[in-house]
Amino acid sequence: MKNKIHVLDGNSAAAEVIKLARVKVIAAYPITPISPTIEILSEMVDSGAMNARFIRVESEHTAISYIIGAQLTGVRATTATSSVGLALMHEVIGVASGCRLPIVMPIANRALVSPWSLWCDHQDSMAERDSGWIQFYAENVQEVVDLMIMAYNIAENSSVLLPVMVCFDGFLVSHSKQLVFLPEQKEVDAFLQEYKPKNLHLNTEKPLFINNLTSPEDFSEMRYQQEIAFENALRIIPQVQKKYFDQFERKYGLFEEYRTEDAKIIIICLGSMAGTVKYVVDKKRKEGLKVACIKITSFRPFPYLELTEKLNNIQTIGVIDRSAGLGAQLGSLALEIKSLININNQKFVNYIAGLGGRDITENTIENIFNDLKTSNIEPSKKWIDTSPNACKIRRIEVEK
Amino acid sequence: MNNNLISKSVNTCAGCGLEIVIRLALNILGEKTIIVIPPGCAALFSGYSNETTISVPGFQCNLGNTAAVAGGIRAGLDMQGIEDVYVLGFAGDGATVDIGLQSLSGMLERNDKVIYICYDNEAYMNTGIQDSGSTPGNAITRTTPGGKLIAKKDILRIVESHNIPYIASASVAYIKDLRNKIERAKTVQGTSYIHVHTPCPTGWGFQPSQTIEVAKKAVQTAIFELYEIIDGEKKTNKTINNILPEKEYLEIQKRFKREE
């Protein structure tokens, strides 16, 4: 069933799914560009359309703390954030994952300070990539809907029990109104079971002290359990995606391949830029170039085995990172990809683009394809869309 | 003590003031309580690895989010119609008046139905005696080797400005008074905040046998006042007719003595 068509932006799509998932406690703090999500949720609760408690807390640190407390009592609880809000949560992010709480949290990606920026890049969520949360990246509003619905099912699977960030590009997806299929309540009820805590639970009938000091004898084992949960997730995610396809006829994978069948040059990326890459792929294909796109949907767990197989016979691979990966040889996504390929036989270039709200345009992607055709292996990052006088802007002359 | 919900052997320091408070609090609140404890001395009761000393459900939160987690637990219980469970935030002065002040203020503003007990031992004791906002002026700690130059932060006045239904100060030297206050907190529809003056022999420099004596002297010298504020009305619980000179409190503790 394809469901009814709605006009939604990413923020309202996230709010609609939180309602459809029958979340009972929402604690949130306003931050651009995800504020509309929490405004919509507060309206849904106020009007009675949603049976939940909505609390505008005094910080993101409290938002994540509050929903951890709520979810531990046995209900779905959520928050939503961006940028410095996510950074402020950092101390508590690992508590949700360490306590194996299947919280689903939408993130509208926005650059981190400094300098201040309101606009999209991926540094906020990339900074949390090893925090024990599953991370999905949505290309468009439809993917926000679908990935969020699937996220509850995946997170709550008893062999996974990991929290999930569903990341979508600030403004580019969060504020872009698109036609989407939105399932109805009874269909989501059929897909998502009623929430029951499967692990840690604050219940006076079965007292349990949660999250106390843990000795070196146990700590590694508890981390290892999380590692195993990610391995399980690599198996469970495709199963849930299959189930979703059977019910809603929209197909997902750990990554999406676009015209890869005979490709010689491939761009790997994540988020909304994939739409532009696919568009340019079509254009280049008309010119006779065998180009393709792979969009990573699940960044954590990272689908390394499946990707290794796919990339085995690709001559030239370009990876676009929308975060700088400062001090590292490569950006976060490129580091993952480089470890999967044979650098001696395959050409590999990492591009940094689209930081702090800079558009990744058709032109940017064309430049990348042209560069991939001509350039040699780059041992480090290539800042493809930076102005030639980058080191001269806002320069302050200091008296000597 | 009947209804003892904390095991007998806990490795707090000899003469620990806070041990009295936590044992009494759970004794009064009973099994239908969920306790939230941040890292700090009280975390000794959370236990270590697969052992805990507490037989009610509990959660060890981060240092700055006791009130946030407690509020969230209450919201989760509310949404399931569970009304017969007390939610107890149990934090020291550092986790309350310093790093936890923001989340405390948020909870007080919302008037979440939480009983928040701050055991005030007037410094970061569990990390080895560093001064907090609640350390009194002139007190020597590891981070105020010359004596603290700043006066003690008056958290009770900060709490009062949030207009919650029940606020109390209490002392481990006046157990009956403390008991009455926790009993009253059980009946409050909203937040109750109880601030307990909790001497620490290790950090303050007195004999473990003197904990109650030191606590009592703080009240008798009028350095620590026992009162409650019920729906905005302040009531003094212990009127001191013959106020003792302050030195009787200060001189029995090493922390106020600078070695010449």
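Predicted model: local features only at pLDDT ≥ 70, side-chain atom pairs only at ≥ 80, totals over all residues.
**Stop 1: the nonpolar core**

Start by selecting A:Val144, A:Ala151, A:Ile154, A:Val164, A:Val166 and B:Ile117. These residues have the most contacts inside the largest nonpolar core, which has 206 residues. Now colour helix H6 of chain A, residues 141-155: this helix gives the most to the core, with 11 residues. Next, colour domain 1 (4-248) and domain 2 (255-383) of chain A, and you will find that the core draws at least three residues from each of them. In soluble globular proteins, nonpolar side chains tend to be buried together.

Stay here a moment and centre on A:Val164. Which residues is A:Val164 in contact with, leaving aside its neighbours within four places in sequence? They are A:Val104, A:Trp133, A:Ile134, A:Phe136, A:Ala151, A:Ile154 and A:Ala155.

**Stop 2: a sheet of strands**

Switch to the cartoon view and look for an open sheet of 6 strands in chain A, in the order E10-E12-E11-E14-E15-E16, with mixed pairing. Strands E10 (255-258) and E16 of chain A stand at the edges; each has a single partner strand, so one side of each is left without a neighbour in the sheet. On average, neighbouring strands of this sheet are turned by 25 degrees against each other, direction ignored.

Then select strand E11 (residues 265-269) and strand E14 (residues 316-321) of chain A. These two run parallel and are joined by 4 bridges. To see one pair of partners, pick A:Ile266, whose bridge partner in E14 of chain A is A:Ile317.

**Stop 3: two cis peptide bonds**

Show the backbone atoms from A:Thr32 to A:Pro33. The peptide bond there is cis, with omega near 5 degrees. A:Pro33 sits in the loop between strand E2 (25-28) and helix H2 (35-47) of chain A.

Move on to A:Arg300 and A:Pro301, which are also joined by a cis peptide bond, with omega about -5 degrees. You will find A:Pro301 in the loop between strand E13 (298-300) and helix H10 (304-311) of chain A.

**Stop 4: positive phi angles**

Select A:Asn211, in the loop between strand E9 (209-210) and helix H8 (216-248) of chain A. Its phi is positive, about 75 degrees, although A:Asn211 is not a glycine. A:Asn211 counts as partly exposed because it has 19 C-beta neighbours inside 10 Å.

Finish at A:Arg394, in the segment after strand E16 (381-383) of chain A. A:Arg394 is not a glycine, and its phi is positive, near 50 degrees. Is A:Arg394 buried or exposed? With 5 C-beta neighbours inside 10 Å, A:Arg394 counts as exposed.

Technical notes
Residues numbered from 1 in each chain as written. Chains lettered and ligands numbered in written order. Core = buried A, V, L, I, M, F, W, Y, C linked by C-beta atoms within 7 Å. Buried ≥ 20, exposed ≤ 12 C-beta atoms within 10 Å, placed from the backbone. Domains from an automatic or database assignment. Contact = placed C-beta atoms within 7 Å. Pairing = 2+ DSSP bridges. Axes fitted to C-alpha atoms, helices over the stretch in contact; angles between N-to-C directions.
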